[in-house]
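Please look over the model shown here before reading on. The points that follow are meant for someone meeting it for the first time.

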Amino acid sequence: MPIVSMRQLLDEAAKGAYGVGAFNVNNMEQIQAIMLAANETKSPVIMQASRGARAFAQDRYLYHLMLAANELNPGIPMAFHQDHGNSFETCKSAIELGFTSVMMDGSLREDGKTPSTFEENVEVTRRVVEFAHPRGITVEGEIGVLGGVEDGHGAGGTGLEHVTDPDQAVEFAERTGVDALAIAIGTSHGAYKFTRKPDGSVLKMNILIEIHKRLPHTHLVMHGSSSVPKDLQAIVNKYGGKLKETWGVPIEEIQLGIRNGVRKINVDTDNRLAITGAIRKVLWESPEKFDPRDYMKPAREAMAKVVAERMREFGQAGHAGDYAPIPIAEMAKGYQSGALDTRPSLAGAR
Ligand SMILES: [Zn+2]
């Protein structure tokens, strides 16, 4: 199966009323872990790489590792996505590399930490859409500012300083034509999201629900949505780690989001914790070992287990074989004809 656009995966998810996890990758073992989980659960896959990942692995290594995953798993629909593009140039280079989807995070300026103005965000995001859609490539935008820092990208804070304003979300969708929209409802990047157990009032789910009602054709995205499970924290700390006590986003909140238009859920921290815990365990218990395979194999298995769990929880499990791939060139025609237009004024009239 060719690599598909993220838009197709999300449109299918909307039809089936499920969410699709977007998992970050930096290396071969993480890519393999995602494919192990996708095969086990028969799930469609969104693999995403941040700017930091592209710099760490180098574009060509990363792209060819992803291609290998696609080649070896012909029955699994896959999209390759740029996570948190900070500029038009970053998104353009991802598209030229062969990614089928890009996030233009114009909520922050190019430095990745200073909040931008609404007009600046609209301007840069619209420019990316104008470049991407004629090429059949999906665009995710962001409105409102998430908390925390991810790969050096983020404004810090708790995530409640810049919660998305629904009126602005509607105007943003209208003026940019994005396929998917990340909204800020109190989530943060990284492991330290909440200092107490979230009780259902911590996340602004009412805002998410309102935005979905007003933008039913725009797929919503939840960032910073690791659950940071206690058992994964405990393994890291048992074998010499020093994580402070922390709480992530409860699965039930994500599932409430999925019932209200969330189609893409970004998960990275949980996988990082699983990998680090598995490596620490081997090195702690068997300090005589020095073959990297001795700890990378359990690390890969630990991540695959977490990814498979999330795939089941998000509802994407079992949906890999539901649909035939739409070639990227066909997606381009769909944007050109207006059939794929999500702008509220146009999509509502269809
Ligand atoms: Zn993010």
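This is a predicted model: local features need pLDDT of at least 70, side-chain atom pairs count only at pLDDT 80 or more; totals for chains, interfaces and linings use all residues.

In what sense do strand β7 and β8 pair, and over how many bridges?

1. Strand β7 (residues 219–222) pairs with β8 in the parallel sense, and three bridges hold this pairing; two strands are said to pair if DSSP finds at least two bridges between them. The elements named in this note are DSSP runs numbered from the N terminus, with helices being H or I of at least four residues and strands being E of at least two. Within this pairing, Met 222 stands opposite Ile 265 in β8.

2. Residues are numbered from 1 along each chain as its sequence is written.

3. The overall arrangement of the strands is a barrel, closed by eight strands in the order β1-β2-β3-β4-β5-β6-β7-β8 with parallel pairing. From one strand to the next the twist averages 25°.

4. Strand β8 (residues 262–267) is largely enclosed by the rest of the structure, because six of its six residues are buried; a residue is buried if 20 or more other C-beta atoms, placed from the backbone, lie within 10 Å of its own. Strand β1 (residues 20–24) also runs parallel to β8, joined to it by four bridges, and here Gly 21 stands opposite Ile 265.

5. Strand β5 (residues 138–143) and strand β6 (residues 180–183) run parallel and are joined by four bridges, and the bridge partner of Glu 140 in β6 is Ala 180.

6. Helix α2 (residues 28–41) packs against helix α4 (residues 59–72) at an angle of about 25°, with their axes 10 Å apart; axes are lines fitted to C-alpha atoms, for helices over the stretch in contact, and angles run from 0 to 180 degrees between N-to-C directions. That angle makes α2 roughly parallel to α4, a term that covers angles under 35 degrees. The contact is made by Met 28, Ile 31 and Met 35 of α2 and Leu 65, Met 66 and Ala 69 of α4, where two residues are in contact if their C-beta atoms, placed from the backbone, lie within 7 Å.

7. Helix α5 (residues 88–97) and helix α6 (residues 118–132) pack at an angle of about 20°, and their axes are 10 Å apart. Residues making this contact include Phe 88 and Ile 95 of α5 and Val 124 and Phe 131 of α6.

8. Pro 77, in the loop between α4 and β3, deserves a separate look. Pro 77 counts as buried because it has 28 C-beta neighbours inside 10 Å. Leaving aside neighbours within four places in sequence, Pro 77 is in contact with Met 1, Val 4, Leu 9, Pro 44, Ala 320 and Pro 325.

Conventions
Angles under 35 degrees count as roughly parallel, over 145 as roughly antiparallel, 65 to 115 as roughly perpendicular and the rest as oblique. A residue is buried if 20 or more other C-beta atoms lie within 10 Å of its own, exposed if 12 or fewer, and partly exposed in between; C-beta atoms are placed from the backbone.
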